[in-house]
Structures are given as C-alpha cells and as structure tokens.
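I opened this structure for a first look and kept notes as I went.

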Amino acid sequence: MDTISKELFEAAKQHIPGGVNSPVRAFRAVGRTPRFIASAHGSRITDADGNEMIDYVCSWGPGILGHAHPGVIEKVTEACKDGLTFGAPTRREVELAKLIAELMPSMEMSRLVNSGTEAVMSAIRLARGYTGRDKIIKFKGCYHGHSDGLLVKAGSGALTSSIPDSAGVPADYTRNTLVALYNDKASVEELFSANPDRIAAVIVEPVAANMGVVLPAPGFLSFLRDITVKYGALLIFDEVITGFRLSLGGAQEYYHVTPDLTTLGKIAGGGMPIGVYGGRREIMELVSPIGPVYQAGTLSGNPVATAAGLQTLRILKEDPGIYQRIEKKTERLADAVREAAEGRVCVNQAGSLLSVFFSEAGVTDYESATASDTDRYAAYFGSLLDRGIYVAPSQFEAMFVSDAHTDADIEFTCQVIKEVL
Ligand code: KE4
C-alpha cells in the first residue's frame with residue numbers, strides 16, 4: 001500500500017522536477033511510484049504509509065553503520081546545539097583531515113567540500129593545474145558526479161575528444177574529456193599514444209558501481225598506475241563509493257594500488273553532506289589560498305557534517321571487524337541469488353557491494369552490463385519491494401550491506417529472493 005507516497009509524489013511533481021531531488025529516486029527505470037521515506041533506523045526504512053522495509057540502498061552508500069546510529073546521532077545533536085555553521089575553521093576539521101590521512105595515507109592533505117561531484121570537479125581542476133595539461137581520461141559507464149566536463153559520451157573523434165551527454169553542456173566543455181573502456185588496457189594505451197603529453201589525469205572508480213558493480217580485472221588498476229607514471233599524468237581514484245566501504249583504507253588498500261589523488265564522499269560524511277579530495281602534499285599545496293588552483297565553499301567542513309563524519313570514521317576505526325562481517329553477509333546474499341537463479345543472472349560482488357545482473361553472461365564492462373535485461377530487473381525490484389526488501393531502483397546501481405543488517409535480515413532476504421527468482 002503506497003497511498004500517501006502516491007499523494008506526496010503528485011504534490012512533489014508540482015514544484016520539483018520529476019518530484020525528486022535526484023533522478024534515480026524517481027523509480028523511472030522500474031515503473032513504480034517512489035516510496036517517500038518517513039524514517040530509518042538500523043537496517044530498516046519506513047515509508048510514509050508505514051511500510052517497513054529492509055534497506056539495501058543505504059542512501060547509496062553512506063549507511064555502512066546502519067541508519068540513525070546512536071553514536072553518530074548523539075555527536076550530531078551535540079554539535080547542533082553549538083551552532084550549525086560558522087564559515088570559519090574549527091577543531092573538528094583538523095581532526096577529520098588528520099584521521100583521513102591516517103586511514104588513507106595517500107591523502108596527506110585533503111580539502112572538504114559538500115558532495116562527491118564537488119570533490120571530483122575540484123580534483124580534476126587540481127590535476128590540470130598541477131600538470132599544466134588539459135585532457136582527462138574517464139571510463140565509459142563510470143560516474144563521477146554531474147560536473148559539466150564529465151557528462152560525456154565517446155564522440156566520433158573518440159581519440160581526441162568527446163561530446164556532451166547532457167543538454168546544457170557546451171561542446172567546448174567536453175572537448176578535453178577522453179573516454180576509455182573499463183578493463184580494456186588497449187583503449188587506454190590508444191588514448192595516451194594519441195595524446196602523449198596532453199593528459200592531466202585518468203579518473204577511475206577502482207570498483208565500478210555505477211554501471212552496476214563491475215570489478216577491476218586483475219592487474220587493471222596497477223596497469224593504470226604504471227601508464228600514468230609513464231606519461232606524467234596523475235591517477236585519480238574516485239572512492240566516493242569504495243572509500244571506507246571496501247576496507248578502512250578503501251579500494252587503494254584493498255587492491256594495494258596508490259593513486260595520486262583520491263575523492264571521497266558518502267561514508268566520509270556519515271550521512272551528512274561531505275565530499276573530500278586529497279593527495280600528497282606537493283600536489284595539494286597548489287590549492288588556494290596557498291596555490292593557484294582556486295576552490296571554495298560556504299558550508300565546506302561545517303561543524304555538524306564533520307561531527308557525523310568524524311564519529312562514523314572513529315567507529316569504523318575502532319571496530320575494523322565490521323569489514324569482514326559485512327563481506328560475509330554479502331557473500332551469503334550472493335550465494336543465495338546464484339543458487340536461486342540457476343545461471344540466469346550474473347552476480348558481481350566486491351566486499352559489501354553487490355549487483356544482480358539479469359544476464360546469463362558474465363558482466364565485466366559497460367558493454368556486458370548494458371546487455372542485461374532491465375525489464376526483468378524491474379520485475380525483480382517490484383517483487384522484492386512488495387515483500388519488504390528495498391534494493392536499488394535501477395539495474396545499474398549497487399546493493400549496499402551495512403553492519404546493522406542482522407543474520408535474520410539476511411536469511412529473510414535470501415528466502416524472499418529465492419521465492420521471487
Ligand atoms: P554526489 O555528488 O552524488 O555526492 O557524488 C557523485 C558521485 C561521484 N563518484 C561516484 C563514484 C559516485 O557513485 C557518485 C554518486 N553516486 C550516485 C549513486 N550511484 C548517487 C546517487 C544519486 O545520484 O542520487
């Protein structure tokens with residue numbers, strides 16, 4: 001029953017484009033009315049009609065501890081009482097930057113911003129400022145937020161430029177963005193040899209999670225590390241999803257490949273709006289006010305968001321066993337899906353990230369991901385939703401497992417998945 005969600009959705013559409021503040025929330029890929037959420041605690045979310053569901057979206061990643069974690073809520077509530085924002089430096093920003101550097105040593109210095117998009121936009125500007133070069137390489141199917149230069153698809157002159165993938169982006173803004181294919185070394189080599197001294201950086205999701213979960217082929221990340229060194233380009237790991245998710249040190253620790261710059265978001269803010277970009281000192285010292293690369297933000301590092309981020313990272317640091325726990329729970333889900341689907345689906349898992357592709361073939365890149373049967377995914381989504389299991393309303397997103405998902409939650413979910421599949 002979703003009467004109130006339906007009413008709210010109609011009202012929302014009067015004043016908000018599509019009735020949502022981010023497109024994927026509109027459930028357009030699955031043909032259902034989006035559930036308007038009233039509250040969330042632990043592994044559960046409750047919608048405006050009072051339906052309680054087990055949540056595997058976890059707000060697209062931040063919710064690794066589960067919703068409304070008491071320790072985080074306590075620190076945020078305390079912080080609020082001392083004022084919401086000062087537009088001036090605070091102790092917590094020092095503590096958060098220090099903790100990030102401790103957990104992700106490649107981020108000797110970092111700058112807080114307010115979203116993953118802003119972190120990536122700033123990191124790319126910095127890479128261009130540091131190298132004095134204009135072009136960047138991204139991968140088809142990887143998403144790095146909605147800054148103009150990254151809303152591209154490979155154009156006809158794929159070796160030299162791209163074309164916009166959104167209205168409102170001037171062709172000039174995407175001229176310097178080159179598109180390679182994930183897990184395809186030759187496509188990267190081709191771009192570098194066609195632009196030997198013009199590429200400022202390669203940006204990659206070390207585990208792709210925006211075409212559904214697609215793992216890096218063995219050696220792919222270290223290949224990117226080597227080729228960027230060879231051509232004098234920077235390697236940027238977009239760890240907005242994988243940061244503090246795959247391990248306490250993110251994908252760069254999990255795969256033992258160290259980038260020059262890293263972008264973070266989601267878990268770094270513990271559910272509050274924080275993005276981060278950072279790297280080694282000699283690069284970050286180019287950032288204003290000490291360097292020529294400008295970047296700024298009114299609410300960057302605000303005392304409430306840093307309270308949430310700090311407490312979340314402190315809890316993760318104090319209990320690193322969480323990573324093994326959530327990986328095991330995710331493995332249990334993955335096994336249940338494979339068993340129930342008997343080869344009709346491809347399940348990709350990395351740590352506590354999981355995607356069920358309605359494809360009998362393996363999914364290892366954008367091509368194979370987009371060959372999946374999205375109608376069957378939509379039916380799967382709707383059947384789970386009707387049985388109280390809330391997964392991503394799109395084939396090309398990930399399932400997220402949190403420390404709050406109990407074994408009972410997992411067993412119930414496995415049971416429902418078996419019924420549905
Ligand atoms: P935000 O600007 O949405 O905070 O972060 C952009 C971003 C950057 N890099 C990666 C790897 C990301 O996954 C994202 C955002 N992720 C999507 C979910 N796939 C956010 C959900 C949404 O757009 O509503």
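**Ground rules.** I am working with a predicted model, where local features need pLDDT of at least 70, side-chain atom pairs count only at pLDDT 80 or more, and totals for chains, interfaces and linings use all residues. I number residues from 1 along each chain as its sequence is written, and side-chain values use heavy atoms, with hydrogens and water left out.

Entry 1: I found an open, antiparallel sheet with the strand order 13-14-16. Strands 13 and 16 (399-400) are its edges; each has a single partner strand, so one side of each has no neighbour in the sheet. Strands here are DSSP runs (E, at least two residues; helices are H or I, at least four), numbered from the N terminus, and two strands pair if DSSP finds at least two bridges between them. I traced strand 14 (residues 353-357) to strand 16 and found two bridges, antiparallel. Leucine 354 faces methionine 399 of strand 16. Helix 11 (residues 321-341) lies across strands 13, 14 and 16, at about 175° to strand 13; such angles run from 0 to 180 degrees between N-to-C directions, with axes fitted to C-alpha atoms, for helices over the stretch in contact.

**Entry 2: glutamine 349.** Is glutamine 349 buried or exposed? I looked in strand 13 (residues 346-350), where glutamine 349 sits, and it counts as buried because its relative accessibility is 16% (buried is under 20%, exposed over 50%, partly exposed in between, with a 1.4 Å probe and protein chains only). Its side chain reaches the backbone oxygen of glycine 351 at 3.0 Å. A polar atom of that side chain also lies 3.5 Å from the backbone oxygen of glutamate 327. Leaving out residues up to four places away in sequence, glutamine 349 touches residues including Leu215, Thr330 and Leu354 (contact means heavy atoms within 4.5 Å).

**Entry 3: the ligand.** I counted 16 residues around the ligand, the closest being Ser22, Thr117, Asn210, Asp238 and Glu397 (a heavy atom within 4 Å qualifies a residue).

Entry 4: Last, I followed an open sheet of seven strands with mixed pairing, in the order 4-12-11-10-9-5-8. Strand 5 (residues 135-139) runs parallel to strand 8, joined by four bridges. I noted threonine 177 in strand 8 as the bridge partner of isoleucine 136.

Definitions and conventions
A polar contact is a pair of N or O atoms within 3.5 Å; within protein, one must be able to donate a hydrogen and the other to accept it, and residues adjacent in sequence count only if both atoms are side-chain atoms.
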